[in-house]
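Welcome! Please take a look at the sequence and the model below, and then we can walk through the strands and charged pairs together.

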Amino acid sequence: MESFITFRAMIEVLGKPQEHVEKALQTYLQHLKEDPSFHVVEMEIAEIRKQDQEELWATFADLEIKTEKIENLISFCFDYMPSTLDIIEPA
């Protein structure tokens, strides 16, 4: 029986112009989906929003991901710089 590490992560992007922020998040997510070390179980992408009194735009993706090795999880943190990371399994 294979054991997996299941975790939830949030990846946020802030910047300008709006199109760049949207494209940056999509590029991050595309690289993640193509990486054989990770299996994206669930993905929710928030609507992009303009920040109050700023010319900045922000969006984020809330993800549930599975991987086989702790090294992959550490690599994920360096490569994708998640705002939050919660390990679901193993307890």
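This is a predicted model: local features need pLDDT of at least 70, side-chain atom pairs count only at pLDDT 80 or more; totals for chains, interfaces and linings use all residues.

## Strands that pair with E4

Strand E2 (residues 39-45) and E4 run antiparallel, joined by 6 bridges.

## The hairpin of E3 and E4

Strand E3 (residues 49-50) is another antiparallel partner of E4, with 2 bridges between them. Within this pairing, Arg49 stands opposite Ala58 in E4. The hairpin made by E3 and E4 has 6 residues between the strands, and Gln53 takes a positive phi near 55° there.

How many salt bridges does the model hold? The count comes to 3. As a general point, side chains of opposite charge can pair when their charged atoms come close.

Let us begin with Asp62 and Arg8, whose side chains meet in a salt bridge with an N to O distance of 3.0 Å. This pair links distant parts of the chain, since Asp62 sits in strand E4 (residues 57-67) and Arg8 in strand E1 (residues 5-15), 54 residues apart. Arg8 forms a salt bridge with Glu64 as well, and the closest N and O atoms of that pair are 3.0 Å apart. Because Arg8 lies in strand E1 and Glu64 in strand E4, this pair ties together parts that are 56 residues apart in sequence.

## A salt bridge between Lys50 and Glu55

Next, find Lys50 and Glu55: their side chains meet in a salt bridge at 3.5 Å, N to O. Salt bridges that share partners, by contrast, join Arg8, Asp62 and Glu64 into one network.

## Buried or exposed?

Is Glu64 buried or exposed? Glu64 counts as buried because its relative accessibility is 17%, and buried means under 20%.

How values were computed
Residues are numbered from 1 along each chain as its sequence is written. Side-chain values use heavy atoms; hydrogens and water are left out. A salt bridge is a side-chain nitrogen of Lys or Arg within 4 Å of a carboxyl oxygen of Asp or Glu. Helices (H or I, at least four residues) and strands (E, at least two) are DSSP runs, numbered from the N terminus. Buried means under 20% relative accessible area, exposed over 50%, partly exposed in between (1.4 Å probe, protein chains only). Two strands pair if DSSP finds at least two bridges between them.
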